[in-house]
Amino acid sequence: MNTSNSTHSSAKSDSSTSVEPLEQRVRRLEQEKVALEQQIEALRLEQALWNRSTLAADLPKEAPLDPLPKVEKLSNLEIARYGRQLILPNFGIQGQMDLRNCAMLVVGAGGLGASCALYLGGAGVGRLGIVDHDTVDISNLHRQIIHNESRQGMPKAESAAISVRMLNPLCQVIVHNLVLDSSNAQPIINAYDIVIDATDNAATRYLLNDACVLGGKPLVSGSALRFDGQLTTYNYRGGPCYRCLFPTPPPAETVTNCSDGGVLGVVPGTIGCLQALEAIKIATRMNEHDPPTMTLFSANSSTMFRTIKLRKRKPDCIVCGDSPTIDKLIDYVQFCGSSATDKTPDLFLIPFQERLTCKAYKSIYDRRTPHVLLDVREKVQFDICSLPSSINIPLKNLPEHIDEIKDQLGPQQDRPVYVVCRRGNDSQPAVKILQEYGITRGEIKDIVGGLEKWSDQIDPDFPKY
Amino acid sequence: MPHFTVLYFASAKDASKTDSDKFEWVEGITSQDLSQLLLDRHPALATVLKTSMFAVNMEYMDQDQAWTVQPGDEIAIIPPVSGG
C-alpha cells in the first residue's frame, strides 16, 4: 500500500472528492470482515465436530414462537453464494428472496430427510426445522448421508442440523429432538410455512396429514422402501390430502419397515431430493397451477418414473372435506394399530417358558444332542450369516417344505426341532405351523431373541445386520 | 383378443410376485369385477387391495365410484408406502 502517495494526493484534492473512495474502501473492508468472520465460523463448526456437546448446545432447540424475520434484500454474501440460482430465468432474485423468507419443517432425519434437508439448507431456505427422536446408528449411514460415523449415538436431529450449518451457516436450523405426536405436533407445524414428510411410519404420516390440513400447510410427502419410492404434495391449492387417497391405514402386519424389508440407500436419497425440489417450487410459486400428481419411482424397472395425475380433494374426506369429522388431532398409534417409529416390536405369541433362551440352546448344541435347527429367515438373510448345521426354509414357504424337515428327524421321527430367525418374531408362528403339522414326537421350540440375541449373549463374532 | 394391463407397485408387487399382468378384456368389466379378477389370480393381494389406490392410464380413479375397464387400459395398483 502506498500510504505516502495517498496522503499526498488527499492533501492536494478537496475534501468532497477524497471522502468517497475512502468510504468505498471502508465498505469493501466491512464486507471482507463479514466474509472472514463467516470463514472463522465455518472453521469453528468443523472443529466442533470433535466436540459434539459444544456444537449441539449451540443449536436452537425449541420452535421459535417469533415468526421468521423477513428481509427485503439479499446481502452480498448471499448473492455470491446463490449466484448460480440467481441467474436462473423464472427463479432469480425473487425466487431466492422467497426461499430466504420461508420456514420449512423436515420431519424425519433419515434416508429421505438426509438429502432433503441438505439441499434445502444449501439452497438458502431461511429457517429449517428438523424433527427426529432417534439417534445415529452405523446401519443408517448407507443412506442417511447427512450423518457420519463419528456421530454414532448422537440425536439425528442435532447431527443433521450440524451438517446443514456446516454446508450453509446462513440457514437458521432449529432442532426438534422429539417424537412428534398429537400433543405437540400442531404448534410446531403452525410455526412453519411448508412441511416435508420424511418419516418412516404410517402413524406419523396420518398425524402430519391431519395437522397440515388443520394448520393450512402444504405437505410434501415422500416414502421409500426396497427399490420403490413415492412422492406427492398434499393439501396444496385444492389438491387431495393423504386421507383422500388412502382413507384406510394399512394393517400393521402388512407394513414393512426398512429394517425388515431392506432399502437401497440411493432410493430414499432420490425421493428426498425430489421433496426438496417440490418444497422449493411451492416456496417460489413455481408451476403453481400444475395439477396435483403422485410420482412413483421404481429403481429396478425399465420405466423408473411414472407420474399419476390426481384429482382435487374429496368433498367427503373426513379431514379436508366439506363437513370434516376430524377437527383436532387424534390418537394415530391407535388409528393405525402400529407404533410411531419404524422399530420392529417384539412378538409374544408363545409363552416365554415354552421357548428356548440362547444360553439353553448353546448347551444343547455343546452337548451335541441330536436335533434339527430350522432357520426361517429369507434366503437373502440366511446367506449373510447362519448357525452351523441349520437348515433354511423361509417362514412363508414352510407348509410346502414340511417333508424336508421330516427327513432330518431320525429313524424314530423324534428329534426335537428348534426354530431360529433374526429377532425371535417369525420363529413363533413357525413353531405354531410345525405344531399343527405334528411333525415330530420330540419338542418344538423357538429361540428367544433370535440371532441378534445370539450375537449379544453367546457369540460376539456372529454378525448383526 | 383385446387385453388390458395391470401394474403392481410396492407391496402389491410383493404380494403378486410380479410387476405386471396382462388380462383378457371383455365388455363391461367394472372396478368391482377387476378386484375379483385380481384376487382370483393372486389371492395374496386381498389385504393390499383394501388399502390401495387405483390409477387408470396414469390417472387416479375414485374407488367409491364405479368405472369400467376399457380395452388397452393400463391399471396401476398403488398401495401406500410408509418407509423412509
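By buried I mean under 20% relative accessible area, with exposed over 50% and partly exposed in between, using a 1.4 Å probe and protein chains only. Strands here are DSSP runs of E with at least two residues, helices are runs of H or I with at least four, and both are numbered from the N terminus.

A quick word on the model: it is predicted, so please keep in mind that local features need pLDDT of at least 70 and side-chain atom pairs count only at pLDDT 80 or more, while totals for chains, interfaces and linings use all residues. Residues are numbered from 1 along each chain as its sequence is written, chains are lettered from A and ligands numbered from 1 in the order in which they are written, and side-chain values use heavy atoms, leaving out hydrogens and water.

Back to β2(B). Its antiparallel partner is strand β1 of chain B, residues 3-8, and five bridges join the two; strands pair if DSSP finds at least two bridges between them.

Now, the interface. How many residues does each chain bring to the contact? Chain A gives 39 and chain B gives 24, counting heavy atoms within 4.5 Å. The area buried between the chains is about 2,600 Å², and carbon and sulfur atoms give 57% of that. That area is the accessible area, with a 1.4 Å probe, that the two parts lose on being put together, summed over both.

There are 15 residue pairs in polar contact across the interface, both residues at pLDDT 80 or more. Such a contact is a pair of N or O atoms within 3.5 Å; within protein, one must be able to donate a hydrogen and the other to accept it, and residues adjacent in sequence count only if both atoms are side-chain atoms. On the side of chain A that touches chain B, several elements supply at least two residues each, including α7 (111-123), α10 (202-215) and β8 (305-309). The largest share, four residues, comes from β8(A).

The rule also finds four salt bridges across this interface, a salt bridge being a side-chain nitrogen of Lys or Arg within 4 Å of a carboxyl oxygen of Asp or Glu. In one of them, A:R226 meets B:D14 at 2.4 Å, N to O. A:R226 sits in the loop between β5 and β6 of chain A and B:D14 in helix α1 (residues 10-16) of chain B, so the pair joins two chains. Both ends are partly exposed: A:R226 at 27% and B:D14 at 40%. Then there is B:D62 with A:K314, closest N and O atoms 3.3 Å apart; these two and B:D64 are linked in a network of salt bridges.

Over all chains, the structure holds 24 salt bridges. Within chain A, A:R127 bridges to A:D66 at 4.0 Å. A:R127 lies in strand β2 (residues 127-131) and A:D66 in the loop between α3 (52-58) and α4 (76-81), so the pair ties together parts 61 residues apart in sequence. Are the two ends buried or exposed? A:R127 is buried, at 2% relative accessible area, whereas A:D66 is partly exposed, at 45%. Thanks, everyone!
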